[in-house]
Amino acid sequence: MVPKCEEHLPVTAVNTTARLSALRQQIEAWNLSAYIIPDTDAHKSEYIGKHDERRAWITGFKGTAGTAVVTMRKAAVWTDSRYWTQAEREMDCNWDLHKEVGITLIVSWLLAEIPAGGRVGFDPFLISLDSWNSYDMNLQGSNIQLVSITTNLVDLVWGSERPLVPSEPIYALETAFTGSTWQEKVSNIRSQMQKHSKAPTAVLLTALDETAWLFNLRSSDIPYNPFFYSYTLLMDCSIRLFVNRSRFSPETLQYLNSGCTEPMCVQLEDYSQVRDSVQAYVSGDVRVWIGTQYTMYGLYEVIPEEKLVADTYSPVMITKAVKNSKEQALLKASHVRDAVAVIRYLVWLEKNVPKGTVDEFSGAEFMDQLRGKEDFFSGPSFQTISASGLNAALAHYSPTKELNRKLSSDEMYLVDSGGQYWDGTTDITRTVHWGTPSAFQKEAYTRVLMGNIDLSKLIFPAATSGRVLEAFARKALWDVGLNYGHGTGHGIGNFLCVHEWPVGFQTINIAMAKGMFTSIEPGYYHDGEFGIRIEDVALVVGAKTKYPGSYLTFEVVSFVPYDRNLIDVSLLSPEQLQHLNQYYQVIREKVGPELHRRQLLEEFEWLQRHTEPLSARAPHTASWASVLVASTLAILSWSS
């Protein structure tokens, strides 16, 4: 019998009655009162594979953020405002939608729904340490027990319908695209182990990009990221790589173990054996170094506390964040080719948008196609954000074939896109207007640009935290009562993550150091009308100062000009205008020859027009407020 409420559900809703009934049988069989279903995988990956989309399958809700909890009587999902409409369209009446997020709220609901003495089950490989600690703390004194079950109950119900784990080959990067050999990287990490005050005997690597980076190996298990399911236990005298061995060709096996001596021989163990292997290892006189941000509870719980060396990030995460000279050159080269693709797209838009033949989705597809023509391209680094008019006011909007808007000369258009190349990962955002923007749109755009410039040209003490610098990107907006609600930037990898931790401008990011790459992406979003974001990738470099000292600044490596039609030059200070014109000269020098070499003459002429030096229209003086903000932030940086 169809539940009465299902008569009124949208056709996009998924019937989950049978799935929930089967899951509740498992909940009862395991003597549980409730079961938590997170939205992540065993490696806390930003993007997850189809076979890890457990929450999406059990609920029908395909949004990327949200937690589900099922009891014997009720089922509920918690998600944020980005996904409320989607969740209402995709979930049937078996589910209650909670328009809020947070473990405290989930626990409050659990306390109201299950009796004292109840047992709340979870898969420990899908719960981070922070999440487990939060559940545990909020349940203190409630007489409700958290129960770790390594058998995933949703997987039992999903059964043969569950997509297969990827089995594409795992391959080694060519030497031309690596900054160091894997043996050099292993020796570096072992050296850090020896110097550590707590003398760890092993490092446990759990994030997928850690193992990929360490061994210079890549594959395609995760959307937009060239990774493969794996763990590494790097010990002082041996190496264990937990992975599906059948995915290695004889050549790749030889790459790992040809002519090795014991400390540098890589022992391949089955991916599923990592917990048992770690548990056996810690029975000895050992100490295991972990990064708590990416270690899930399933491994943490088998390591005795006295044998744990815990830092926020593993030594591999910290080391990977600083690119050596070869890695820097590779990333810069990838951004030159990427600029060619973006410039070709902008030229194409200028010609075709007035014809009314381009929509957000077809534009995004063509952007991906143009990148696909560039050397060493492997795929997009994330789903392209192609947003026209009011859709651009949604900071992370992406169109679909069914739901999109036509691009119009009368509206602003925002495109945020990136590519994965063998030599680097890219991410760039440009906002354009082909018609006559309003005075407010021009002011908002220019102030976003001012924030981008102010942060890009900032000189700051070495080891300053990004959170201290972040306000410089917002000041021009703050001056007139505007702001944006997302972060100002993130790290970026060498054919790795497009959002690479732990670099960036948030509280939990590490201090800035020479060799790091970060995005700089201020924005402004006017609800229901338009959105603006200007994003560049920049390298942290040493700064030249009048007096001796250890100071840093940024070198922008994105090479696409901004929209002249949206710049109100009268708002720019002389220093900002000079910086902008110098940047345009760099673009000409870096990208112009590449366009010319490839006989892209139309694009070359477009580049020349759009990088003509801008001239001041009105005098501009620095305000006392500007001086005050800079002084205050300088004091903060000294104390950080």
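Biologist: Why is Ala199 called partly exposed?
Modeller: Buried means under 20% relative accessible area, exposed means over 50%, and partly exposed is in between, with a 1.4 Å probe and protein chains only; Ala199 has a relative accessible area of 36%, so it is partly exposed. This is a predicted model, in which local features need pLDDT of at least 70 and side-chain atom pairs count only at pLDDT 80 or more, while totals for chains, interfaces and linings use all residues. Residues are numbered from 1 along each chain as its sequence is written, and side-chain values use heavy atoms, with hydrogens and water left out.

Biologist: What makes the phi of Ala199 worth a remark?
Modeller: Most residues other than glycine have a negative phi, and most peptide bonds are trans. Ala199, which is not a glycine, has a positive phi of about 50°, and it lies in the loop between helix 7 (182-195) and strand 8 (202-205), where helices (H or I, at least four residues) and strands (E, at least two) are DSSP runs, numbered from the N terminus. Lys44 also has a positive phi, near 55°, and Lys44 counts as partly exposed because its relative accessibility is 29%.

Biologist: Which peptide bond is cis?
Modeller: The bond from Trp501 to Pro502 is cis, with omega near 10°, and Pro502 has its place in strand 23 (residues 500-504).

Biologist: How do you know that the buried residues of helix 19 are on the same side?
Modeller: In helix 19 (residues 601-610), the residues Glu603, Trp606, Leu607 and His610 are buried. They cover an arc of only 100° around the axis, so they are on the same side of helix 19; the arc is that of the directions from the helix axis to the C-beta atoms. An α-helix has 3.6 residues a turn, so residues three or four places apart point the same way. The buried residues of helix 19 pack against helix 13 and helix 18 (574-597).

Biologist: What makes a set of residues a nonpolar core?
Modeller: The set must consist of buried Ala, Val, Leu, Ile, Met, Phe, Trp, Tyr and Cys residues joined through side-chain atoms within 4.5 Å. The largest nonpolar core has 119 residues, of which Phe554, Ile567 and Leu580 touch the most other members. Helix 13 (residues 325-352) gives the most to this core, with 11 residues.

Biologist: Which residues is Leu580 in contact with, leaving aside its neighbours within four places in sequence?
Modeller: Contact means heavy atoms within 4.5 Å, and the partners of Leu580 beyond those neighbours are Leu449, Ile453, Tyr562, Ile567, Leu572 and Leu614.
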